[in-house]
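Here is a short briefing on one protein chain. Please keep the sequence and the 3D view open while reading.

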Amino acid sequence: MECRVLSIQSHVVRGYVGNKSATFPLQVLGFEVDSINSVQFSNHTGYAHWKGQVLTAEELNVLYEGIKLNKVTQYDYILTGYSRDTSFLEAVVDIIQELKKGNPSLVYVCDPVMGDHGAMYVPENLLPVYKNKVVPLSDILTPNQFEAELLTGRKISTEDDAVKVMDLLHEMGPDTVVLTSTDLPSKQGDQFLVALGSQKIRKPDGTSTNQRICLDIPKVDAVFVGTGDLFAAMLLAWTHLHPNDLKTACEKTVSVMHHVIKRTITYAVETAGPGKKPSPAQLELRMVQSKADIENPSIVVEANVLDKSLDQKQ
């Protein structure tokens, strides 16, 4: 069965971020990807210089109108990431609502990019749009800890807090929630990062169970750009290939990330030379070189199923 994704994200001429991070890995795994580029920049904004254009809400609607007129708006998935403009985000919401009317089984994967480590890096007026309009439409949500706290108004200090926050996010809309990174201490020590996931599995009798998982992810001492976009794309792919099995989907997603990041850091350090800090250009994700790992990742991180997984919900 052909599976088609509409991905509305940034585009860069050089490097990997937004659609450049998501498209190739999804195509490698057999998905057709239609891209709308929310911005077109020369490179990501971590470089010393960057130039480019930003797509307005009106221009987004013109592109959407074009595919609608040709009756080619049959999508199985929608994927969105970074947006810094409320009118653009609201136009995206309108498009998703219309597409979902036409296809109620369409799955919306949303990475609610707002900030990290206690600081917002998008305008604050985007929060209510995410909270009241975007999250209720989403089926799969991939916030980090800070974004999950913003959306629910609850702090996460313990694993129990994280479970409560994921439950609150389920109540807001999405059946699958993955906290892509948290500040919780890992049982494996300070070289690991804790991620958590929760998937609501609806039974034919109307009840539902939650599968909840926890992953300890090896930390890497470098700043990469485009990894969040790759994570959301891979979670889309692997949840599609392993429905109702969040454990396997997350293990494969995180393992792909690990292989890509490891290959990138090895290349960057070698290219920079002894004692030199790699440049943003040298730290661009080694995506094409990781094709085999994307297609068939060897599992390097195993997820633990949390005891609270079997909560029955009426």
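**Helix packing, a buried helix and selected residues**

Helix α3 (residues 86–102) and α4 cross at roughly 10°, and their axes come within 10 Å. With an angle under 35 degrees counting as roughly parallel, α3 is therefore roughly parallel to α4. The model is predicted.

**The α3–α4 contact**

- On the α3 side, the contact is made by Thr86, Leu89, Glu90, Val93, Ile96, Gln97 and Lys100.
- On the α4 side, Leu126, Val129, Tyr130, Lys133, Val134 and Leu137 take part.
- The residues of this contact of α3 with α4 divide into eight nonpolar, two polar and three charged.

**The α1–α7 contact**

- Helix α1 (residues 19–28) packs against helix α7 (residues 227–241) at an angle of about 30°, and their axes are 8 Å apart.
- That angle makes α1 roughly parallel to α7.
- The crossing of α1 past α7 is right-handed.
- From α1, the residues in contact are Ser21, Ala22, Pro25 and Leu26. They meet Asp229, Leu230, Ala233, Met234, Leu236 and Ala237 in α7.
- By residue type, the contact of α1 with α7 divides into eight nonpolar, one polar and one charged.

**Helix α5 and its ends**

- Eight of the eight residues of helix α5 (residues 145–152) are buried, so α5 is largely enclosed by the rest of the structure.
- The buried residues of α5 are Gln145, Phe146, Glu147, Ala148, Glu149, Leu150, Leu151 and Thr152.
- The helices that cover these buried residues of α5 include α4 (126–137) and α6 (159–172).
- The strands in the cover of α5 include β6 (115–116), β7 (119–120), β8 (140–141) and β9 (176–182).
- Asn144 caps the N-terminal end of α5. A side-chain oxygen of Asn144 lies 3.2 Å from the backbone nitrogen of Phe146.

**Glu251 in α8**

- Glu251 is found in helix α8 (residues 246–272).
- Its relative accessible area is 8%. Buried means under 20%, so Glu251 is buried.
- Leaving aside neighbours within four places in sequence, Glu251 is in contact with Leu215, Ile299, Val301, Glu302 and Ala303.

**Pro280 in a loop**

- Pro280 lies in the loop between α8 and α9 (291–295).
- Pro280 counts as partly exposed, because its relative accessibility is 33%.
- Not counting residues up to four places away in sequence, Pro280 touches His44, Gly46 and Tyr47.
- Pro280 and Val225 are 55 residues apart in sequence. Their C-alpha atoms are 8.6 Å apart in space.

- Lys71 has a positive phi, near 55°, and is a residue other than glycine.
- Lys71 is found in the loop between α2 (57–69) and β4 (77–80).
- Lys71 counts as exposed, because its relative accessibility is 66%.
- His117 is not a glycine either, but has a positive phi of about 50°.
- The loop between β6 and β7 holds His117.
- His117 counts as exposed at 66% relative accessibility.

Technical notes:
Residues are numbered from 1 along each chain as its sequence is written. This is a predicted model: local features need pLDDT of at least 70, side-chain atom pairs count only at pLDDT 80 or more; totals for chains, interfaces and linings use all residues. Side-chain values use heavy atoms; hydrogens and water are left out. Axes are lines fitted to C-alpha atoms, for helices over the stretch in contact, and angles run from 0 to 180 degrees between N-to-C directions. Helices (H or I, at least four residues) and strands (E, at least two) are DSSP runs, numbered from the N terminus. Angles under 35 degrees count as roughly parallel, over 145 as roughly antiparallel, 65 to 115 as roughly perpendicular and the rest as oblique. A crossing is left-handed if the near helix is turned anticlockwise from the far one by less than a right angle, and right-handed if clockwise. Contact means heavy atoms within 4.5 Å. Ala, Val, Leu, Ile, Met, Phe, Trp, Tyr, Cys and Pro count as nonpolar, Asp, Glu, Lys and Arg as charged, and the others, Gly among them, as polar. Buried means under 20% relative accessible area, exposed over 50%, partly exposed in between (1.4 Å probe, protein chains only). A polar contact is a pair of N or O atoms within 3.5 Å; within protein, one must be able to donate a hydrogen and the other to accept it, and residues adjacent in sequence count only if both atoms are side-chain atoms.
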